[in-house]
Amino acid sequence: MKILMKDGSQVPAKNLKIGDVVHTIHEDTGEWGDFVVSDVSIVFSERITLKIGDIDFTCSPSHKFKD
């Protein structure tokens, strides 16, 4: 999965490092912003693929979605 960075580039999630700045929705406030990566962990999980319109989205079964 590619992650949107503050500068608009995208990097594979596996390449994120503590101190990187990502552009995302804050988990608690729901606000968009630029946030510093404070923790990195590798989690091995089952994956599912969801088809949303013409887009295939692959994620873990526990992936969070904003409604």
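Me: A strand here is a DSSP run of E with at least two residues, and strands are numbered from the N terminus. With that in hand, where does Ser 45 lie?

Reply: Happy to start there, with the note that this is a predicted model. The chain has six strands and zero helices, and its elements run β-β-β-β-β-β from the N terminus on. As for Ser 45, its place is the loop between β4 and β5.

Me: Is Ser 45 buried, partly exposed or exposed?

Reply: Buried means under 20% relative accessible area and exposed means over 50%, with partly exposed in between. Ser 45 has a relative accessible area of 41%, so the label is partly exposed.

Me: How far apart in space are Ser 45 and Ser 60, C-alpha to C-alpha?

Reply: Ser 45 sits in the loop between β4 and β5. Along the sequence, Ser 60 is 15 residues from Ser 45. In space, C-alpha to C-alpha, the separation is 6.3 Å.

Me: What share of the residues in the chain is buried?

Reply: A residue needs to be under 20% relative accessible area to count as buried. Asp 20 passes that cut-off because its value is 16%. Across the 67 residues in the chain, the buried share is 10%.

Me: Which residue forms a salt bridge with Asp 20?

Reply: The pair has to bring a side-chain nitrogen of Lys or Arg within 4 Å of a carboxyl oxygen of Asp or Glu. For Asp 20, the closest N and O atoms of the bridge are 3.6 Å apart. The partner is Lys 17.

Me: And which residue forms a salt bridge with Lys 51?

Reply: The count of salt bridges comes to two. In the one with Lys 51, the closest N and O atoms are 3.5 Å apart. Lys 51 is exposed because its relative accessibility is 60%, and its partner is Asp 56.

Me: Is that Asp 56 buried or exposed?

Reply: The cut-off to pass for exposed is over 50%. Asp 56 has 51% relative accessibility, so it counts as exposed.

Me: Which residues form the nonpolar patch on the surface?

Reply: Patch members need over 30% relative accessible area and no salt bridge, and nonpolar side chains are joined within 5 Å. Leu 50, in strand β5 (residues 48-52), clears the area cut-off because its value is 31%. Together the members have about 340 Å² of accessible area, and they are Ile 48, Leu 50, Ile 52 and Phe 65.

Me: Let's turn to the largest pocket. Which strand supplies the largest share of its lining?

Reply: The largest pocket holds about 2400 Å³ of space. Of the 39 residues that line the pocket, the closest to its centre are Met 1, Ile 3, Ala 13, Leu 16 and His 63. At least two lining residues come from each of β1 (2-4), β2 (10-12), β3 (21-25), β4 (32-36) and β6 (55-59). The largest share, four residues, comes from β3.

Me: How many residues of that lining are charged?

Reply: Asp, Glu, Lys and Arg count as charged. The lining has 19 nonpolar and 12 polar residues, and the number of charged ones is eight.

Me: Is Met 1, one of the residues closest to the pocket centre, buried or exposed?

Reply: Met 1 belongs to the segment before β1. Its C-alpha atom is 8.3 Å from that of Cys 59, a residue 58 positions away along the chain. With a relative accessible area of 57%, over the 50% cut-off, Met 1 is therefore exposed.

Me: How far apart in space are Phe 57 and Met 1, C-alpha to C-alpha?

Reply: Phe 57 is found in strand β6 and is partly exposed, with a relative accessible area of 21%. In sequence, Phe 57 and Met 1 are 56 residues apart. In space, C-alpha to C-alpha, they are separated by 9.3 Å.

Technical notes
Residues numbered from 1 in each chain as written. Predicted model: local features only at pLDDT ≥ 70, side-chain atom pairs only at ≥ 80, totals over all residues. Heavy atoms only, no water. 1 Å grid on protein atoms, 1.4 Å probe; cavity = no way out; pocket = protein on both sides within 12 Å on 5 of 7 lines; lining within 4 Å. Points joined across faces, edges and corners; volume = space filled by probe spheres on them. Patch = residues over 30% accessible without salt bridge, like charges linked within 9 Å, V, L, I, M, F, W, Y side chains within 5 Å. Areas by Shrake-Rupley, 256 points an atom, 1.4 Å probe, with all protein chains shown as cover. Buried < 20%, exposed > 50% of the residue type's maximum accessible area, 1.4 Å probe, protein only.
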